[in-house]
Amino acid sequence: MTTSLTPDTNQLRKVSSLPTELALRRAAAFLAHLVKDPDFVGSWILPFLEGASHAQDWYVAHRLDADDGSFSLQVFVWPPGTRTKIHDHSSWGAYCCAAGTVLEERYERLDDGARPEHARLKQAWRLRWSREDGASTVLPGDGGIHRVGNPGEGPAISVHLYGPRMGEVDGRDYDPSRDHVCDRKEV
Ligand SMILES: [Fe+2]
């Protein structure tokens, strides 16, 4: 799959150089605007909608990574009934739904992180996000423990922007059924 239009990488680089709180505000505004841009939708969203109904699991259909690792813009495809594990990221992140609706569950940590591979979680909120709702944002690490999925009948697509990583790993995966957390292995 090829896309003809590339978002403004200079703007993305500028956003990713800002302090986290400011970067997240700018990233949210950038994404909310981007998913309403007809050129972007035509080349980055619509080509992936058809496949979104047939796949078994969610996947990243397209991504634009900065050479220096300062940002990563990714298009996530959510077939009906798919969802991520509960996870966090080693960077800040923002995402905006571009088609359909996604459901996000956000979690808080109840333990102090002192025990290796141990994490006790409590669900903080659940929200449905559509294009008109703007972007959801996560802080790195414990400030952004969440799960995103598509419990609906139709496909959904969301566009995610991640800032520079604070560590070597991409993030962590959580299993609250056994109070477990581990570094995510990249595929
Ligand atoms: Fe995430």
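These legends describe close-up views of a predicted model. Local features need pLDDT of at least 70, side-chain atom pairs count only at pLDDT 80 or more, and totals for chains, interfaces and linings use all residues. Residues are numbered from 1 along each chain as its sequence is written, and side-chain values use heavy atoms, with hydrogens and water left out.

**View 1. Phe40 and Trp44 form a stacked aromatic pair.** The structure holds four aromatic pairs. Rings of Phe, Tyr and Trp (its six-membered ring) pair if their centres lie within 6.5 Å; planes under 30 degrees apart count as stacked, over 60 as edge-to-face and the rest as tilted. For Phe40 and Trp44, the centres are 5.2 Å apart, with 25° between the planes. Both residues sit in helix H3 (residues 38-52), four residues apart, about one turn of the helix. Helices (H or I, at least four residues) and strands (E, at least two) are DSSP runs, numbered from the N terminus. Buried means under 20% relative accessible area, exposed over 50%, partly exposed in between (1.4 Å probe, protein chains only). Phe40 counts as buried because its relative accessibility is 0%. Trp44 is buried too, at 1%.

**View 2. Phe76 and Trp78 stack.** Their ring centres lie 5.6 Å apart, with 20° between the planes. Both Phe76 and Trp78 are buried. Together with Trp58, they form one aromatic cluster.

**View 3. Strand S6 (residues 102-109) is mostly covered.** Seven of its eight residues are buried. Two strands pair if DSSP finds at least two bridges between them. Eight bridges join S6 to the antiparallel strand S7 (residues 121-129). Arg106 stands opposite Trp125 in S7.

**View 4. S6 also runs antiparallel to strand S9 (residues 145-150).** Five bridges join S6 and S9. Tyr107 has Ile145 as its bridge partner in S9.
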